[in-house]
Amino acid sequence: MTTSSIGRNAPCPCGSGKKFKRCCLGREDSTTPSPGAPSPAQVLREALQGQEFHSLEEAQAFADEYIQQQNQHPLDDFDGLSPDQMAGLLNEPFNSPRLVVFPEVLDSPPSAPITRLFSLLVEAIGEQGLKPTAKGNLPRHLCREAALAYWGEQKYQEETRLGGINREADFFDLHVTRIVAELAGLIRTYKGKFILSRDCRRLLAESGLAAVYPRLFRAYAEPFNWAYRDGHADVPFIQQAFLFTLYVLWRHGDTSRPQTFYEDAFLRAFPVALNDVPPNSFSTAEETLRRCYTWRTLVNFAGFFGLAKVDKVSDDILCDEYRIKALPLLGDALRFQVSG
């Protein structure tokens, strides 16, 4: 008996947390874990050896029960999580309190690039609102003033040496912050102006950025499309696995580590993600996925939200090597309930 014994709607034996029909059905070779280890299909075959079944239903029930038991065991490839726990992190990241809790209000005011940019937006919108451009974007003068305040004079000159800030998209971090704030229901357009929503004003009045940050975090993690922010391959699973990356950062981030440590952890856990990388003539699928993962998850997410310190190892503009270390905000913004 083979993986054909696994129901289409049963959890995939690779432990991805997806249903079998939406993961490894029809591509059995992709379920193979680390080199030298038996694949989930092989393990299931061994469990079925010597078993006698009087009906297909009986065989199916055995396979489902066996897979369910296996899915409760911690795996090295999942950094100590079981497949069931991984399924919770992937499929219900904000609704798995036995795994992780997200406080609605942080214990202390957060310090992160996105909160600094959001504060600049709040100040610019003020009580009277802010008139957008004809295309519905932030006005040019605000983008320039915000960039100068955010970067400082020296970095502003460096960032604009090849072209000035003439539209919102030229200061992309601010552009992303505005979009995420709208997705979070904190900023909206009313009577031709950007205004702060009633909910946003209430949150700021009651608890300041400590209450706003969780809203921005959730909007960025889920409805915002991470691929919009960069020119890398569209690999949705990188975003879906955001909580696994934060779990690995929570476990190992007390020490500064190269980004390859986190790339390796992601690839060990989700080798099937390589199937989502479109082929190109410049690099292998693994090289493409590693670059995409580092930029999208570590730089533009963990770094942007102040969850990790992300430092380039060189000032060279072409340098794509980083060192990553967790920041205290990680433990304030989310609290894992699993053993580290």
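Two strands pair if DSSP finds at least two bridges between them. Helices (H or I, at least four residues) and strands (E, at least two) are DSSP runs, numbered from the N terminus. We're working on a predicted model, where local features need pLDDT of at least 70, side-chain atom pairs count only at pLDDT 80 or more, and totals for chains, interfaces and linings use all residues. Residues are numbered from 1 along each chain as its sequence is written, and side-chain values use heavy atoms, with hydrogens and water left out.

**Exercise 1.** Work out how strand 2 and strand 3 pair.

*Solution.* Start with the ranges: strand 2 covers residues 187-190 and strand 3 covers residues 193-196. They pair in the antiparallel sense over four bridges.

**Exercise 2.** Describe the packing of helix 7 and helix 9.

*Solution.* Take helix 7 (residues 172-183) and helix 9 (residues 209-221): they pack at an angle of about 100 degrees, axes 8 Å apart (axes are lines fitted to C-alpha atoms over the stretch in contact, and angles run from 0 to 180 degrees between N-to-C directions). That makes helix 7 roughly perpendicular to helix 9 (65 to 115 degrees). Next, list the contact (heavy atoms within 4.5 Å): Val176, Val180, Ala181 and Leu183 of helix 7 meet Leu216, Ala219 and Tyr220 of helix 9.

Methods. Angles under 35 degrees count as roughly parallel, over 145 as roughly antiparallel, 65 to 115 as roughly perpendicular and the rest as oblique.
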